[in-house]
Amino acid sequence: MKNLAKLSALALTSAISMSPALAQCGSKCASRCQGRCAASATKCGAKCSAKCGAKCAAKCGAKCAAKCGAKCGVKADASLIQRPAGYKPNYSASNAAQVAAGETLFRSTRLSSNGLSCATCHTDGAGFTPGFAKPFPHLMQMASMNYGVGEIFADEAVQVCMAGPMATKPLAWDSADLQNLSAYVLSEQARFAKK
């Protein structure tokens, strides 16, 4: 449980540094305001940026992991978020029923342990880096920083957020929730790429 809390804090720090609305928070602020960040990412943005402003984000931000190495957080077990052997994905952005069910889940807080939803960080394309425009598999900063994993698939990206910012266990690989969310993430990626 202690590792899950650390991982959640690391992932939330990554999410905050990538989200335009919360970019002012930075890594240092996120660790100071960790409790408030977990309770409400939106509140954290305002409170942390008021304390630290742009200076904090400029000093830490994405550079933190590269400079600090283990002090910024030991990489988590990649097997938590990587597809298991024999897994066959069963989702598609062209499956309207999956995408609709996935969108409902994307906006729901029921999958998290801390009251966040996927939409907390990713409403209307917020919180995605420019690399999200590339088709899956592609590099996801949070997966790279926290797990040491390079390119990932949409279902793995969902698992990164489950184990990280949403502070819960990854979804079962054969669950309808994972397949539906992954289909919706693919549809969001296609929409983001067109912008």
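Predicted model: local features only at pLDDT ≥ 70, side-chain atom pairs only at ≥ 80, totals over all residues.

**Entry 1: Arg 83 and its partner**

Arg 83 forms a salt bridge with Asp 155, and the closest N and O atoms are 3.1 Å apart. I then checked where the two residues sit: Arg 83 is in the loop between helix H5 (63–68) and H6, and Asp 155 is in helix H9, so the pair ties together parts 72 residues apart in sequence. Is Asp 155 buried or exposed? I find Asp 155 buried, with a relative accessible area of 0%.

**Entry 2: other salt bridges**

I asked how many salt bridges the model has. The count comes to four. I noted why such pairs occur: side chains of opposite charge can pair when their charged atoms come close.

Glu 103 is partly exposed at 32% relative accessibility. Arg 107 is also listed as partly exposed, with a relative accessible area of 45%.

Next I took Arg 191 and Glu 188, which form a salt bridge with the closest N and O atoms 2.4 Å apart. I place both in helix H10, three residues apart, about one turn of the helix. Arg 191 is partly exposed at 44% relative accessibility, whereas Glu 188 is buried, with a relative accessible area of 9%.

**Entry 3: packing of H6 and H10**

Two packed helices are described by the angle between their axes and the distance between the axes. For H6 (residues 96–107) and H10 (residues 176–194) I note an angle of about 95° and axes 7 Å apart. That makes H6 roughly perpendicular to H10, because the angle falls in the range of 65 to 115 degrees.

I then listed the contact residues. On the H6 side they include Gln 98, Val 99, Ala 101, Leu 105 and Phe 106, and also Glu 103 and Arg 107. On the H10 side they include Asp 177, Leu 181, Ala 183, Tyr 184 and Ser 187. Sorted by class, the contact of H6 with H10 has seven nonpolar, five polar and three charged residues.

Asp 124 is not a glycine, yet its phi is positive, about 55°. I find Asp 124 in the loop between H7 and S1. At 68% relative accessibility, Asp 124 counts as exposed.

Ala 167 also has a positive phi, near 50°. I place Ala 167 in the loop between helix H9 (154–163) and H10. Ala 167 is buried, with a relative accessible area of 15%.

Which residues does a cis peptide bond join? I find Phe 136 and Pro 137, with omega about 0°. Pro 137 sits in the loop between helix H7 (118–122) and strand S1 (138–139).

Terms used. Residues numbered from 1 in each chain as written. Heavy atoms only, no water. Axes fitted to C-alpha atoms, helices over the stretch in contact; angles between N-to-C directions. Helix = DSSP H or I, 4+ residues; strand = E, 2+ residues; numbered from the N terminus. Parallel < 35°, antiparallel > 145°, perpendicular 65-115°, else oblique. Contact = heavy atoms within 4.5 Å. Nonpolar A, V, L, I, M, F, W, Y, C, P; charged D, E, K, R; others polar. Buried < 20%, exposed > 50% of the residue type's maximum accessible area, 1.4 Å probe, protein only. Salt bridge = Lys/Arg side-chain N within 4 Å of Asp/Glu carboxyl O.
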